[in-house]
Amino acid sequence: MKDGFFPPIPVDGDPSKPMYIQLYDWFRSAIIGGRLRPGQKVPSSRQLAAELKVSRITVLSAFKQLHAEGYLEGSVGSGTYIAKSIPDHAVKLTLGDALQRLPSEAQHGPRRVSKLGTKFLSAPAIPRGFRAFQVGLPALDRFPRTIWSRLLIRHSRQTKKELMAYGDPMGRLACREAVAEYLRVVRGVRCHPGQIMIVTGSQQALDIAARVLVDPGDPVWLEEPCYLGAVRAFAAVGARLVPVRVDQEGLDVNRGIKRCPDARVAVVTPSHQFPLGMTMSATRRVLLLDWATRNGSWIVEDDYDNEFRFGIRSIASLQGLDTDERVIYAGSFSKVLFPSLRIGYLIIPDDLIPAFSRVRETSDIFPPPLHQEVLTDFIREGHLERHIRRMRTLYLERHDMLVAEIRKQLEPTFEILTANAGTYLVLLLPEGFQDTVVAEKAAQVDISAVPLSICYLEEHRRQGLILGYGGVNRKKIQDGMSKLAAILKA
Ligand SMILES: Cc1ncc(COP(=O)(O)O)c(C=O)c1O
């Protein structure tokens, strides 16, 4: 309750009780129940009287009593506050009150949530933070923050009226134009700005795609192993998840066809398979597109970190090869800029635009405009291109440094899976190691290592650690690897 904000205080609920007692009761129970916090400011008696339409004497009488019992402190002139320590007798009351307020679980059994809500409780958590080898973290210390701030100031100095109203569920046109142009050049996609939807990261892209394309029970191919966020998005709509193994050429399309020929959707990361890193071969791409066309199925292409390839040419997107508008393409600025930006994009086949647009409206209606404006200028003024170029060099250095440290500190039985791309690699663990156990031990010494096995849906799981290097500097790579090696040698 800040100065000026008034909680709803029902003071005329019980005509048999004087007003000041009702007010006293309300404050007492709100303090004991924790709704009002110790040290919090209470509105002045004058404001409270005016708001509640009672006399000031009423409020002062209630405050006097509350002061006397130690619930309020402060004085006229310096303001009134909730007491920093609640009186002892009130604590006893709290217990009594708490017993009365026990959640109904104690009285009526488990409190019901959906099957999905229950299932997701036991799903592995995706680690977040700043620890060494944190996956998905770009080099935030190298981000051109001054340029970004300048653009942010440019767009926030004077809030345009049009930016304050509801906007287009597809996003701001200028931003979509800039993104479309960038993608046409860099990723070889075929699209016009009308097909671009600005979303809050590729996770929302996956979520919307799942809700538009899948009915409960529909089979969906997922790469095995696969990104957990994709598993969740498609599980959330009740899809029947069909894991399809990847090999050196990426998704084994023929295996998928044998296992479940009529899948509604295939979700793939063809540029840089998550998490194993391979690139889908041209043959597999053609096979996949051909299957989708013949079967009337959709392909969701998650191109989450396409910008960073070292020494090898960037591979054109699957979407660019598609002649039947079967591919829904998802990408993100989380890795290339920074994750809290929460800007990603979808390229939607023309005929699906209305459905995607309507489904998007049911969640967040439209993306917030300010950062879209900033991003548009960041792309148009060439900063994005420059930043990508610099980061490619830096990530290559960090990649090589991590590989060298692994080679130096561990036996050759520890195999490295790397595609010379992206911001992470996989350290395979030899027989006898359990990656979840290693990851837990690593967390205890402040090292983040995502166990590879949690990315599998079926029983046969390779054991390994997914190690991010994008956001990790030289010192952290060396120290982190020493700590990890110590755990692995122990
Ligand atoms: C394969 C893959 N897809 C999607 C995402 C989600 O990224 P965001 O929602 O931040 O764009 C990630 C994040 O690490 C990822 O690794």
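**Entry 1**

I began with Pro275, which is found in the loop between strand E8 (265-268) and helix H12 (282-295); helices (H or I, at least four residues) and strands (E, at least two) are DSSP runs, numbered from the N terminus. A cis peptide bond joins Phe274 to Pro275, with omega about 5°. I noted for the record that residues are numbered from 1 along each chain as its sequence is written, and that side-chain values use heavy atoms, with hydrogens and water left out. The model is predicted: local features need pLDDT of at least 70, side-chain atom pairs count only at pLDDT 80 or more, and totals for chains, interfaces and linings use all residues.

I then looked up Pro225, which lies in the loop between E5 and H10. The bond between Glu224 and Pro225 is a cis peptide bond, again with omega about 5°.

I also checked Ile365, which has a positive phi of about 65° although it is not a glycine. Ile365 sits in the loop between helix H13 (353-361) and helix H14 (370-380).

**Entry 2. Domains and their contact**

I took the domains from the domain assignment, which gives domain 1 (19-104), domain 2 (145-383) and domain 3 (386-489); such bounds come from an automatic or database assignment. The centres of domain 2 and domain 3, taken over C-alpha atoms, are separated by 26 Å. Domain 2 brings 30 residues to the contact and domain 3 brings 26 residues, where contact means heavy atoms within 4.5 Å.

How much area is buried between domain 2 and domain 3? I read about 2,500 Å², of which carbon and sulfur atoms give 62%. Buried area here is the accessible area (1.4 Å probe) that two parts lose on being put together, summed over both. Leu276, Phe308 and Phe310 supply 28% of the area that domain 2 buries against domain 3, more than any other three residues.

For polar links, I found 14 residue pairs in polar contact across the interface of domain 2 and domain 3, both residues being at pLDDT 80 or more. A polar contact is a pair of N or O atoms within 3.5 Å; within protein, one must be able to donate a hydrogen and the other to accept it, and residues adjacent in sequence count only if both atoms are side-chain atoms.

On the side of domain 2 that touches domain 3, the elements giving two or more residues are strand E5 (219-224), helix H10 (228-236) and strand E6 (240-247). E6 gives the most to that side, with three residues. By class, I recorded 17 nonpolar, five polar and eight charged residues on that side of domain 2; Ala, Val, Leu, Ile, Met, Phe, Trp, Tyr, Cys and Pro count as nonpolar, Asp, Glu, Lys and Arg as charged, and the others, Gly among them, as polar.

**Entry 3. Salt bridges**

I counted a salt bridge as a side-chain nitrogen of Lys or Arg within 4 Å of a carboxyl oxygen of Asp or Glu. By this rule the count comes to 21 salt bridges. Arg172 forms one with Glu162, their closest N and O atoms being 3.3 Å apart. Arg172 and Glu162 both lie in the loop between helix H7 (145-156) and helix H8 (173-187), so the pair ties together parts that are ten residues apart in sequence.

Between domain 2 and domain 3 the count is one salt bridge. I also looked up the salt bridge of Glu458 with Arg259, where the closest N and O atoms are 2.8 Å apart.

**Entry 4. Sheets**

I listed an open sheet of eight strands in the order E4-E11-E10-E9-E8-E5-E6-E7, with mixed pairing; two strands pair if DSSP finds at least two bridges between them. Strand E4 (196-199) and strand E7 (250-251) are its edge strands, each pairing on one side only. Strand E9 (residues 298-302) runs parallel to strand E10 (residues 327-332), and four bridges join them. Glu301 stands opposite Tyr329 in E10.

Another open sheet has three strands in the order E1-E3-E2, with antiparallel pairing. E1 and E2 stand at the edges with a single partner strand each, so one side of each is left without a neighbour in the sheet. Which residue in E3 is the bridge partner of Gly74? I found Thr80, and Val42 also stands opposite Thr80.
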